Amino acid sequence: MKKMSKILARVMAAVMAIAFVFTAVPAFSFDAKAAETVQDEIPTKARIYVRVINNYAIKINLRESGYKIKNLKSSSSNLKVFNTYENSSTNTYGDSYKSQLEIGCYARQEGVYKVSFNLVKGSKKTKKTVIVYAKNDGPFKKVTFAGKNLDVYDGGMAPADSGVFKAVMNKGYRLKKIEMEVNVIKDDSYSESSKYINTNRSATVIKNGAKVNLSNVAYKYLSSYTSSYSSEYNSLTEEEDMVALTQFRVTYVDKYTKQEMYATYSMYKLVNFAK
Amino acid sequence: MKIKEFSKKLAAFALAFAMIVPTAIPVSAATCPSSVEVKTYKNGYYYTGTHNGAPIEIALDEKGDYIGNLKSSSVNCRVYRVYTSTSNKKAKIGVWSKTPGTYTVTFDVFNSNKVKKESKSIVVKVSYYTYSTSPIKDVLYSGKSIYSGYYDAISIPKSGKLEVKLTKGNKLKGIRIGTREAKTNIYKYKSTKNGKKITLSKVPYKYSYSSSTYSYRRENMEADTMIEITYINKKKEVCTYTTSISKLVNYAK
């Protein structure tokens, strides 16, 4: 049983590594804002865990549409790679990425590998190389909220309404910041008969080890019209969650790539139910 | 009676008759399941993705219909209307519970004039969906424990015997194997016996879309085989434990 729980802890850690999305931090903040001018994002380094399937280990974001990945190669048979995703948009609105590509990686053992490929658009061809660090150690020794170890998944319900959020890092990983994100209801209603309510996310920076209160605000969307003429013209679309979601985003510097990455922890609190 | 006069009288009679014969108005009824199964964890559970995972979906009959007076038979089973759309003629009820059992959820259906049309009653069966592995002693595939370190997703055999071992006091009720259907990406389940040979799925998640201005394609590296174990625990509660085995099927040679 002891061996079992130890192994399980490792398995859970791996599952959580994917679930908590250890991802490279993009130029944007927690709350997805459109950047004024986007720059091509082509990583030169990537970090993965051993024998953990990562379908988006390498993420490429380009300003121009129509790019494809060709001649994808790995420097070793111990690192398998695959072009798992591509999109292309010729929409003229917005200044977002028009080509997005992803390369999945799977390492059979620890090592430092080279992944090479060509970015191709029509007759244009550029060779790219990414150094992939496949290592077993994770950034966190322990992450807790109200004393509960967040590495063990049991549904995501919060153990208490408030508590201390604390992240203890492993050697070589540096904690950069912790943000707490909650729902904020935005009421853009015109009048009682013409209502519009939506929910945004809002993040604030918190200190490691700080005592925080979980949010009571559940996601809500409402669009309603009540006619003074005839009920035939009435309409109502309403969505409201039973739980309020508080998310903690821990940003840290990876030991190997020296790039910023983050892990997200979600805590749910039951706030809406029929009396 | 002259013919002209007769036909006039006949027409008047026919019209009077038509007006007093009651027209059969069909009774519109909302459609919803009579019972649902909800899985939860010891500390409760909420499906992510707002209303998309809500366990009770109601198809309303007429535009403008909505549900109200939502009640649960017990405080151990919380319910809430998580979605309503009068134009889509749909409503969804979320369920939150951390106590396995059988509960009754009731609500009324109203029309756009706030007149009650009918009452509905749904049986909700709550059981544990747990990652807690204490009842699971081990799960072996092709002779190796699926928990023995991180198995190699490349060299794992395409088929092999599946063996489930439970700890004392827990009784195995059934095992189902889920494999992905290529067309729909949905997992289809088939029952298997403990100790029997199973074949791993070869179908990875795959999805593509294209329009005149936007296209995208996604295809994962691995094919997952879901293993759903249903057992009865020491408290005589029916529990479901799900795990999976991944095999890498897509990679550049």
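Colleague: Which residue of chain B does the side chain of Arg51(A) meet in a salt bridge?

Modeller: The partner is Asp152(B), with 4.0 Å from N to O. A salt bridge here is a side-chain nitrogen of Lys or Arg within 4 Å of a carboxyl oxygen of Asp or Glu.

Colleague: What should I know about the model and the numbering?

Modeller: This is a predicted model, in which local features need pLDDT of at least 70 and side-chain atom pairs count only at pLDDT 80 or more, while totals for chains, interfaces and linings use all residues. Residues are numbered from 1 along each chain as its sequence is written, chains are lettered from A and ligands numbered from 1 in the order in which they are written, and side-chain values use heavy atoms, with hydrogens and water left out.

Colleague: How many salt bridges are there between chain A and chain B?

Modeller: The count is five.

Colleague: Which element gives the most to the side of chain A that touches chain B?

Modeller: Elements that each supply at least two residues include helix H1 (2–19), strand S5 (79–89) and strand S16 (235–253) of chain A. S5(A) gives the most, with 10 residues. Helices (H or I, at least four residues) and strands (E, at least two) are DSSP runs, numbered from the N terminus.

Colleague: How much area do the two chains bury between them?

Modeller: About 5,000 Å², with 57% of it on carbon and sulfur atoms. Buried area is the accessible area (1.4 Å probe) that two parts lose on being put together, summed over both. In residues, 53 of chain A are in contact (heavy atoms within 4.5 Å) with 56 of chain B.

Colleague: Which strand of chain B does S16(A) pair with?

Modeller: S16(A) pairs with strand S4 (residues 77–85) of chain B, antiparallel, over three bridges. Glu238(A) has Thr84(B) as its bridge partner. Two strands pair if DSSP finds at least two bridges between them.

Colleague: And within chain A, what does S16(A) pair with?

Modeller: Strand S12 (residues 174–187) of chain A pairs with S16(A) in the antiparallel sense over seven bridges, and Met180(A) stands opposite Phe248(A). S12(A) is also joined by 10 bridges to strand S13 (residues 194–206) of chain A, again antiparallel. A hairpin of six residues links S12(A) to S13(A).

Colleague: Changing topic: why is S3(A) largely enclosed by the rest of the structure?

Modeller: Seven of its nine residues are buried, so S3(A) is largely enclosed. Buried means under 20% relative accessible area, exposed over 50%, and partly exposed in between (1.4 Å probe, protein chains only). S3(A) pairs antiparallel with S6(A) over six bridges, where Asn54(A) stands opposite Cys105(A).

Colleague: What is the strand order in the open sheet of four strands in chain B?

Modeller: The order is S9-S8-S10-S13, with antiparallel pairing. Strands S9 (144–145) and S13 (197–199) of chain B stand at the edges with a single partner strand each, so one side of each is left without a neighbour in the sheet. S9(B) pairs with strand S8 (residues 136–141) of chain B over two bridges, and Lys144(B) is the bridge partner of Tyr141(B).
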